[in-house]
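Please look over the sequence and the model below before reading on.

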Amino acid sequence: SDPNHFIIGTDMGLISHGTRQDLRVAPKLFKPQQHGIRPVKVNVIDFSPFGEPIFLAGCSDGSIRLHQLSSAFPLLQWDSSTDSHAVTGLQWSPTRPAVFLVQDDTSNIYIWDLLQSDLGPVAKQQVSPNRLVAMAAVGEPEKAGGSFLALVLARASGSIDIQHLKRRWAAPEVDECNRLRLLLQEALWPEGKLHK
């Protein structure tokens, strides 16, 4: 939301946070849950398109991290959701605040729905026989006939496919933004679960 700020993924698992005007920022680094420096590349970063101060980071060891802009350590981190295959693509759904899509280096696509499960992806699809080079999610949340979400898939041969996703991953659930905020709050303060 602030064009003066930028974040940069590194090849040591860290994400650097800075500003164009050389103002002091906090946190200066976004780190994985593991302590210490590891030779892991942060391959892709994507910010929530719904105004939430959160972003996803996908790494070369297959780990995916969900960071809040105000905290150095991730709210959630998944280490083996891609069977340790490098994350090469990552994008929040443009139609649902709690859904994001992941591409790995073996041409698998994973769909995550944090309201359905915050433990791992809810669907996985192998793209074959032609290797997947890039993926982009496109959609409209409030289309007259209902929401739609599609994946544009670029393959090594140069061909491009467009595949529509099922309505359950395209149409926002009731009060989805607030339900996602509550989930992230519980991740930040897990002891709060004991009092509910």
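This is a predicted model: local features need pLDDT of at least 70, side-chain atom pairs count only at pLDDT 80 or more; totals for chains, interfaces and linings use all residues.

Residues are numbered from 1 along each chain as its sequence is written, and side-chain values use heavy atoms, with hydrogens and water left out.

The predictor's confidence in each residue is given as pLDDT, on a scale from 0 to 100. The protein averages a pLDDT of 89, and 94% of the residues score at least 70. Helices (DSSP runs of H or I, at least four residues) and strands (runs of E, at least two) are numbered from the N terminus.

Strands of a sheet pair through backbone hydrogen bonds, either parallel or antiparallel. Here two strands count as paired if DSSP finds at least two bridges between them. Strand 12 is joined to strand 13 (residues 148-155) by eight bridges, and Val138 stands opposite Ala150 in strand 13.

A nonpolar core is a set of buried Ala, Val, Leu, Ile, Met, Phe, Trp, Tyr and Cys residues joined through side-chain atoms within 4.5 Å. Buried means under 20% relative accessible area, exposed over 50%, and partly exposed in between, using a 1.4 Å probe and protein chains only. The largest core has 21 residues, of which Ile64, Leu66, Trp78, Phe100, Val102 and Leu114 touch the most other members. Several elements each supply at least two residues of this core, including strand 5 (54-59), strand 9 (99-104) and helix 2 (176-188). Apart from this core lies another, of 15 residues, among them Ile111, Val127, Leu165 and Trp169.

Side chains of opposite charge can pair when their charged atoms come close. A salt bridge is a side-chain nitrogen of Lys or Arg within 4 Å of a carboxyl oxygen of Asp or Glu, and by this rule the count comes to eight. The table gives some of these pairs.

| Salt bridge | Closest N and O atoms |
|---|---|
| Arg38 and Asp61 | 3.3 Å |
| Arg96 and Glu173 | 3.5 Å |
| Arg179 and Glu173 | 2.7 Å |

Arg96 lies in the loop between strand 8 and strand 9, and Glu173 in the loop between helix 1 (167-170) and helix 2, so their pair ties together parts that are 77 residues apart in sequence. Arg96 counts as buried, at 0% relative accessibility, whereas Glu173 counts as partly exposed at 32%. Arg179 is also partly exposed, with a relative accessible area of 36%. Which residues are linked in a network of salt bridges? The network is made up of Arg96, Asp113, Glu173, Glu176 and Arg179.
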